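Here is a short report on the chain shown below. Keep the model open while reading.

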Amino acid sequence: MFKTIDNPLETYKPEHINDFVNFAKTQLHLPKVKAIKAIRQEFPHLELVQALAVYELANKEKEIDNPNLSEKI
């Protein structure tokens with residue numbers, strides 16, 4: 001059977017996750033697929049599901065940092 005992953009980043013320390021997210025934020029100008037590919041190239045030890053989780057965290061933080069950005073688009 002398939003194993004579900006509640007938190008794909010649970011094996012990493014918070015400071016490592018912050019490093020991943022900080023890099024991912026620099027890639028948010030790219031299309032989603034290219035940004036995730038860049039994250040995996042920078043951190044090859046991350047699995048696809050982990051890179052996706054990093055991208056989603058970076059995107060959430062961007063929305064929190066710039067709440068009016070989505071209204072302008």
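Accessible areas here come from the Shrake-Rupley method with a 1.4 Å probe. On that basis, the accessible surface of the chain is about 5,700 Å². Carbon and sulfur atoms account for 55% of this surface. Note that this is a predicted model.

**Overall make-up**

The chain has 73 residues, and 30% of them are buried. Its secondary structure consists of four helices and zero strands. Read from the N terminus, the order of elements is α-α-α-α. Contacts also reach along the sequence. Of those between residues at least 6 apart in sequence, 53% join residues at least 24 apart.

**Helix 1 against helix 3**

Start with helix 1, residues 14-25, and helix 3, residues 48-65. Their axes come within 8 Å and cross at roughly 70°. Angles of 65 to 115 degrees count as roughly perpendicular, and helix 1 and helix 3 are therefore roughly perpendicular to each other. The crossing of helix 1 past helix 3 is right-handed. Helix 1 brings Ile17, Phe20, Val21, Ala24 and Lys25 to this contact. Helix 3 answers with Val54, Leu57, Ala58, Glu61 and Asp65.

**Helix 2 against helix 3**

Helix 2 covers residues 32-42. The axes of helix 2 and helix 3 come within 9 Å, with a crossing angle of roughly 115°. This crossing is right-handed as well. On the helix 2 side, the contact involves Lys32, Ala35, Ile36, Ile39 and Arg40. On the helix 3 side are Leu48, Ala51, Leu52, Val54, Tyr55 and Glu56.

**Salt bridges**

Side chains of opposite charge can pair when their charged atoms come close. How many salt bridges does the structure hold? There are two.

| Pair | N to O distance |
|---|---|
| Glu61 and Lys25 | 2.7 Å |
| Glu56 and Lys32 | 3.1 Å |

Take the salt bridge between Glu61 and Lys25. Which parts of the chain does this pair tie together? Glu61 lies in helix 3 and Lys25 in helix 1, so the pair ties together parts that are 36 residues apart in sequence. Glu61 is partly exposed, at a relative accessible area of 31%. Lys25 is partly exposed too, at 30%.

Now the salt bridge between Glu56 and Lys32. This pair links distant parts of the chain, with Glu56 in helix 3 and Lys32 in helix 2, 24 residues apart. Glu56 has a relative accessible area of 32% and is partly exposed. Lys32 is likewise partly exposed, with a value of 40%.

**A loop residue**

Finally, look at Gln27, in the loop between helix 1 and helix 2. Is Gln27 buried or exposed? The cut-off for buried is under 20% relative accessible area. Gln27 has 13% relative accessibility, so Gln27 counts as buried. Which residues does Gln27 touch, leaving aside neighbours within four places in sequence? Gln27 is in contact with Ala35 and Ala38.

Key: Residues are numbered from 1 along each chain as its sequence is written. This is a predicted model: local features need pLDDT of at least 70, side-chain atom pairs count only at pLDDT 80 or more; totals for chains, interfaces and linings use all residues. Side-chain values use heavy atoms; hydrogens and water are left out. Helices (H or I, at least four residues) and strands (E, at least two) are DSSP runs, numbered from the N terminus. Buried means under 20% relative accessible area, exposed over 50%, partly exposed in between (1.4 Å probe, protein chains only). Contact means heavy atoms within 4.5 Å. A salt bridge is a side-chain nitrogen of Lys or Arg within 4 Å of a carboxyl oxygen of Asp or Glu. Axes are lines fitted to C-alpha atoms, for helices over the stretch in contact, and angles run from 0 to 180 degrees between N-to-C directions. Angles under 35 degrees count as roughly parallel, over 145 as roughly antiparallel, 65 to 115 as roughly perpendicular and the rest as oblique. A crossing is left-handed if the near helix is turned anticlockwise from the far one by less than a right angle, and right-handed if clockwise.
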